[in-house]
Protein chains: 2
Amino acid sequence: AKKEDGDGVPAAPSSSGGGGKAALKVPKGTRDYSPQQMAIRESVLATIIQCFKRHGAENIDTPVFELKDVLTGKYGEDSKLIYDLKDQGGEILSLRYDLTVPFARYLAMSKISSIKRYHIAKVYRRDNPAMTRGRFREFYQCDFDIAGAYDPMLPDAECIKMVEEILNALQIGEFQIKINHRQILDGVFELCGVPLEKFREICSSVDKLDKSPWEEVRNEMINEKGLSPEIADKIGKKIQVSGKPNDVIAQLKSDTDFMSNPTTKQGLESMELLFKYCQLMGVEESSVSFDLSLARGLDYYTGVIYEAVLISRGKGGAAVGVGSIAGGGRYDTLVGMFDPKKRNVPCVGVSIGVERVFSIIEQRSDKKIRTTETQVYVATAQKGLVEERVKILSTLWGSGIKAEHSYKASPKLLQQLQYCEEMQIPWAVVIGEGELEKGIVKLRNVATREEEEIPRTDLIPILKARLS
Amino acid sequence: AKKEDGDGVPAAPSSSGGGGKAALKVPKGTRDYSPQQMAIRESVLATIIQCFKRHGAENIDTPVFELKDVLTGKYGEDSKLIYDLKDQGGEILSLRYDLTVPFARYLAMSKISSIKRYHIAKVYRRDNPAMTRGRFREFYQCDFDIAGAYDPMLPDAECIKMVEEILNALQIGEFQIKINHRQILDGVFELCGVPLEKFREICSSVDKLDKSPWEEVRNEMINEKGLSPEIADKIGKKIQVSGKPNDVIAQLKSDTDFMSNPTTKQGLESMELLFKYCQLMGVEESSVSFDLSLARGLDYYTGVIYEAVLISRGKGGAAVGVGSIAGGGRYDTLVGMFDPKKRNVPCVGVSIGVERVFSIIEQRSDKKIRTTETQVYVATAQKGLVEERVKILSTLWGSGIKAEHSYKASPKLLQQLQYCEEMQIPWAVVIGEGELEKGIVKLRNVATREEEEIPRTDLIPILKARLS
C-alpha cells in the first residue's frame, strides 16, 4: 500500500485520474453487498424490526465513530480490536466496536432515564475474519435495549422472549438460548477463592469455554492468570453445569457450598424469577438452558447474561452448538461511567448477529429472489418509437406504477421480453406502429406469455386492477 | 484529547470502567438521532426509496471504508477532506467520501457492465460543519445511478425526472434543477483560450459561483490559477447565462462564437435532446433551468451535470437559491480508472442531500410524530397482577399485535394511562381483580377514554378487527 504525507493530499496527485492503477479490492474482512444479498438483508432486517416494533421499541442512531475516550476501558481484552482514526488534527476518534457503549454515552449525554430502543447499524472490529461463517471486520448489529429502573427480571425476560421470537421467525434451524448470571459467576469465583481483582480476567478465560476445551482454559487460568491448580479445578467443577432450568436449579439448591454463599444464592433466586417470567411469556422450555459456564467476554455486564447458539444434530440426535447468533445481558453501571454525577441507568439488552443469518440464508437461497419491484416493462416492437415509450412510462410513473424500459433507442423486442422474464417483471406493455395507429397497446403477461389488446386510455385502470 | 501508544491498548487501562471521566460529546460535525428524528428520517428515506423502486432500481451496499488508493485522485481539491484511518498494521484505509467512487470500484471489481442501483448510506467529510443548515461531517447520501452503454440522454433525463419526483413528494418547498454539460464548459474554456491543463482547476473556480460573487471567482482565476484578466472576463461573460431551457438554447444558437466551436456546439445538441426527453417524461418547464455557470466540483464528471436548489421567494417574488439539495451528472471514465484493462462503463446518477431535508422537516414538525407503533398497552388496576399482565401480553405478541406494558410489578393505573396518551397508543387493555374473577377485560379507547367490558376469550378477535 502506498503511503502518503500527513496533510491529506495524495503524494502523487493525478487530477485527471489514476489510470487503472488503483487496487481492485475491498478492505480485509469486509464485503460489498450485491442486489441479491441486499434483498436477503432487507428481508432479514424487516423480520427483526417487526419483532422490535411488536415490543414497542423506538429507533435511534449514533455516529459511526466516537471520541476514543468514550470506548476506552469498556471492552477488556478486546480493546486491541478497536479501529482508530488517524490524527489529522482535531479530535482523536475510533470506529464504534458495538452499539451498547454508544447507547450508554447517548443516555448519559441526553439525560435519558428510561427508553426502549432498537439500533441497527454496522460495527467494526479488527478481528481475524472468517467470512464464509459470517465473521467480518465490518458487520451489522441489531440491538434492542430496555433502559430504566424497573422491577427485577421483567425487562430481562422480555429480551429472552424476543430472541426466541426472532430466531423462530427467521427459520434458520434449531437453536438454544444459554442463560447465566454474572452474580453467580462472581459468587463461584468468591467461594473458590479467586482474589477479587482477578474476577474480570478469570471471567474472560471462562468465556473461551464455548470455543476451547476445559483443559486449555484451565491452563490459561493457571499459567497466564496465576491461579493455583486447586482453585482452577474447583471453578471447573462448579461452572461445568448446564441443562433445563428446573433441573439445574434443583441441582444447585442441593449444593450446600453454593447455597451457603450469599452472592450465588441471590443470583440463583434472580434466575428462578427470570425463568418464571419466561414461562409466563410463553418461552418454550426447550429453547433455553441454564448454563453456568456462560461468561460473555465484555466487562460491562452486571446481571443476567445470555447467548443464543444454533444447534446442529449429530448422529443419534446429539446437539452440537455451531456458533453464537445472538447475545446480551444486563449492564447496570455502564451509563454511570459517562454521567458526570455517576448517575446510573440500569439497562438490559440483546444483540442479534445478523451476518451469520445472512450467510445461512444466502447459502441455501435458490438464487431466484427478485432484486427489483418493477411491475411493468414498456417495450417497443419496432425502431424509432422511443418517444412513445417515454410518454407511456411517464403516465405509469405518475400513477405510482413501478415501470422500466430499455435505455436503448431501438432495442430488439426479443431482448426486451427476455429481460422481463429474467427479472420476473409480471407485465409488459408492448407498442408498435400498428398499436399506435389503433390507439391501443398490447398487454403481455410475462409468465404465461399471453397477450391482449387494450385501449391506451384504459391502460392505467386495467394495470391498477391487475396489480392490486 | 488523550493520546495513546500505537498498539491499540489504552495508555491508562481501567478494566473496571473509566469512572465518569469519559468526554460526554459526539465528534465534531456529527449527531445522534433521537427517536423523533429517526421517525422523520425513516419517512423521508421511505419516500425516496419508493421513487428509486418505481424506476426499477436494485439496492447495493459497500464497506464504510475503502483502501486509500481507491479514493486517491478522484476528488480534486476536496481530497484534503477525506478521513484516514490510523495505520495499525495492515492496509491503509480511508472512510468513503461519497458513494460514487465506491460504486465505480464495485462495478470494475465485479465486472458489471450494466446495472441500475440505489445506495443509501453515510459518507464522511472533514469539512466545516454548519449543523443547523444540515451540513455535517457524517451524513447520509441517497444515490441512484444507471450504468451501461446506452443511447444518449435517455438515462440522463430519467435522473432529472426522478429528482423532480422526489422533491415534489417530499413537499419541502419550491425548487429548481440547474442543468449544464461539462462539454459546454470545456468548449467555453477552449474558445476563451484557457490552456488544456488548467481546465479542471478553472472548473473548480467556476463551481464556487453558487456561493461567491463573480468578482471573487474572477480574482481566484487570475491570482491563484494564473489566467489573464482578459480570459477570465471572457469566461465570465460566456458562463453567466441561465434561464428557461428553450430561451437559453435560442440565445446560444445566435452566438456565432459559441456555435463555431465544435465542443460547445456538440454539448448544446446534447442538451437539446436531454430537454426533449425531460419534456416527454413530464418534467415541468418551471422545474429546470439551463445554467452555464453550473460546474460541480468533482473531477469525475464528463457530461450532463445538474444540481437542485431550494428556492426562497424574496419581496416581489424574486427567486433566491437557499442551498443545494440534490446533484449529480454523467461520469463515463470513472469505472475505467479501476478496471485493469481500462474498460469503461458509462454512468450517470444523482445524489439526494437528505440531511438538509431532515433539517427542514425537523424544524417545522409539530413534535407529535409517533415514535413507536404500539397498538395495545396492557395495564393493571391493582397491585400484584404482573403475572396476569404478562400472560395477556404473551397472547397479544403471539397474534402479531404490537403490545407493551409497564416494567414495574405494581405500577399506578393513572401513570399507565398517561403513558398511553403521551405515546398515542390507541388501545389499552385494563385488568383488575374484578375483571379476572369475571373472565373479562376492560378495553379502553385511549383517545376517547371510552371503556367497554369484553370476554377475555374474545380479546384477540375483537382487537384484530379494531386494528385492521
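Predicted model: local features only at pLDDT ≥ 70, side-chain atom pairs only at ≥ 80, totals over all residues.

Mentor: Let's take helix α15 of chain A, residues 413–422, where A:Q416, A:L417 and A:C420 are buried. Buried here means under 20% relative accessible area, exposed means over 50%, and partly exposed is in between (1.4 Å probe, protein chains only). Looking down the axis of α15(A), you would find these buried residues within an arc of 95 degrees, so they line one face of the helix. The arc is taken from the directions that run from the helix axis to the C-beta atoms.

Residues are numbered from 1 along each chain as its sequence is written, chains are lettered from A and ligands numbered from 1 in the order in which they are written, and side-chain values use heavy atoms, with hydrogens and water left out. Helices (H or I, at least four residues) and strands (E, at least two) are DSSP runs, numbered from the N terminus.

What do the buried residues of α15(A) pack against? Their partners are β12 (376–380), β14 (427–431) and β15 (440–445) of chain A, where contact means heavy atoms within 4.5 Å. Take β12(A): five of its five residues are buried. A:V376, A:V378 and A:T380 lie on one side of β12(A), with A:Y377 and A:A379 on the other, and both faces are covered. β12(A) also has a strand partner, for three bridges join it to β13 (residues 403–405) of chain A, and the two run parallel. Two strands count as paired if DSSP finds at least two bridges between them. In that pairing, A:Y377 has A:E404 of β13(A) as its bridge partner.

Just past the end of α15(A), A:Q424 takes a positive phi of about 55 degrees. In chain B, B:Q424 has a phi near 55 degrees, a positive value in a residue other than glycine. B:Q424 sits in the loop between α15 (413–422) and β14 (427–431) of chain B, and is partly exposed, with a relative accessible area of 36%.

How do the two chains relate? Chain B superposes on chain A by a rotation of 180 degrees with 0.0 Å of shift along its axis (RMSD 0.0 Å). The copies are thus related as by a two-fold rotation axis. Where they meet, 120 residues of chain B are in contact with 120 residues of chain A. B:L24, B:W397 and B:Y407 supply 9% of the area that chain B buries against chain A, more than any other three residues. The area buried between the chains is about 10,400 Å², with carbon and sulfur atoms giving 58%; buried area is the accessible area (1.4 Å probe) that two parts lose on being put together, summed over both. Because 100% of the interface residues of chain B are also interface residues in chain A, the copies meet through the same surface.

For comparison, look at another helix, α9 (residues 245–253) of chain A, whose buried residues are A:P245, A:V248, A:I249 and A:L252. Seen down the axis of α9(A), they fall within an arc of 100 degrees, so they line one face of the helix. They pack against β7, α10 (256–260), α11 (262–280) and β8 of chain A. Strand β8(A), residues 288–291, is covered on both faces, with A:V288 and A:F290 buried on one side and A:S289 and A:D291 on the other. β8(A) runs parallel to β6 (residues 175–181) of chain A, with three bridges between them, and A:K178 stands opposite A:S289. Two bridges join β8(A) to β7 (residues 242–243) of chain A, this time antiparallel, and here A:G243 stands opposite A:F290.

Notes:
Least-squares fit on C-alpha atoms with pLDDT ≥ 70 in both.
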